[in-house]
Amino acid sequence: MRLRTTVPALAAAALIALAAAPSAQAAAPAPAPAPAATSVAATVPAFAGHTYVLTLDNGAVLRNSYSADGTTLDWTALEGPMAGHSGREKLSVRAVGEGLYFVNWVEASGMTVSHVMDLGRGTVSVYWTYATPDGGRAGELHTATLQRVSS
């Protein structure tokens, strides 16, 4: 029981102390703003300027060539249901760890593609969404191996 009466008394004393010093709180400088998240995105990703072959768990094989600044992707489907198709995509990229990148784009067809690229392990987690014939959307989650084929 003694603990129950002591804790409220301490809390009350702390509130009284805070209420008694509003001018000290008002005079305190505002905390500095957090650094902008864009500083991470502003750095050139390690995959920039390189070409990779992605082999997905569903049998699809893609050749992805990234621009020197890492903002554009030229892709070609080498095998699988999209074989022979290709495109150029504007990328959104965020470094999320050492050699680890979240990469996203929206294709002209409306298909969205998101990658978590792990350059150290040579793997990619892939999620894409696409329109279905009934007017809805479907999504698929895949894994892929990542092999750099040129720089």
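Analyst: The secondary structure of this chain consists of three helices and nine strands, in a model that is predicted. Read from the N terminus, the elements follow the order α-α-α-β-β-β-β-β-β-β-β-β. The nine strands build an open sheet, with antiparallel pairing, in the order 4-3-2-1-9-8-7-6-5. Strand 4 (86-90) and strand 5 (92-97) stand at the edges with a single partner strand each, so one side of each has no neighbour in the sheet. From one strand to the next, the twist averages 25°.

Strand 1 (residues 51-56) and strand 2 (residues 61-66) run antiparallel and are joined by five bridges. Within this pairing, Thr55 stands opposite Val61 of strand 2.

A search of the whole structure finds three aromatic pairs. One of them is formed by Phe47 and Tyr101, in an edge-to-face arrangement with 5.3 Å from centre to centre and 90° between the planes. Phe47 belongs to the loop between helix 3 (38-41) and strand 1, while Tyr101 belongs to strand 6; the pair therefore ties together parts that are 54 residues apart in sequence. Phe47 and Tyr101 are both buried.

Tyr52 and Tyr66 form another aromatic pair, which is also edge-to-face, with 6.1 Å between the centres and 70° between the planes. Because Tyr52 lies in strand 1 and Tyr66 in strand 2, this pair ties together parts 14 residues apart in sequence. Tyr52 is buried, as its relative accessible area is 5%, and Tyr66 is buried with a relative accessible area of 5%; the cut-off for a buried residue is under 20%. Phe47, Tyr52, Tyr66 and Tyr101 form one aromatic cluster.

In soluble globular proteins, nonpolar side chains tend to be buried together. In this model, the largest nonpolar core has 23 residues, of which Phe47, Leu54, Leu56 and Val103 touch the most other members. The elements that contribute two or more residues to this core are strand 1, strand 2, strand 3 (72-79), strand 6 (100-106), strand 7 (112-118), strand 8 (123-131) and strand 9 (137-150). Leu54 has contacts that include Val61, Leu62, His115, Val124 and Leu146, with residues up to four places away in sequence left out of the count.

Val96 lies in strand 5 and, at 48% relative accessibility, counts as partly exposed. Leaving aside residues up to four places away in sequence, Val96 touches Tyr101 and Phe102. Between Val96 and Asp118 there are 22 residues in sequence and 9.8 Å in space, from C-alpha to C-alpha.

Some values for the whole chain complete the description. Of its 151 residues, 26% count as buried. The chain exposes about 9,700 Å², and carbon and sulfur atoms supply 62% of that area. Among contacts between residues at least 6 apart in sequence, 28% join residues at least 24 apart.

Note on methods. Residues are numbered from 1 along each chain as its sequence is written. This is a predicted model: local features need pLDDT of at least 70, side-chain atom pairs count only at pLDDT 80 or more; totals for chains, interfaces and linings use all residues. Side-chain values use heavy atoms; hydrogens and water are left out. Two strands pair if DSSP finds at least two bridges between them. Helices (H or I, at least four residues) and strands (E, at least two) are DSSP runs, numbered from the N terminus. Axes are lines fitted to C-alpha atoms, for helices over the stretch in contact, and angles run from 0 to 180 degrees between N-to-C directions. Buried means under 20% relative accessible area, exposed over 50%, partly exposed in between (1.4 Å probe, protein chains only). Contact means heavy atoms within 4.5 Å. A nonpolar core is a set of buried Ala, Val, Leu, Ile, Met, Phe, Trp, Tyr and Cys residues joined through side-chain atoms within 4.5 Å. Accessible areas come from the Shrake-Rupley method with a 1.4 Å probe; for residues, only the protein chains shown count as cover. Rings of Phe, Tyr and Trp (its six-membered ring) pair if their centres lie within 6.5 Å; planes under 30 degrees apart count as stacked, over 60 as edge-to-face and the rest as tilted.
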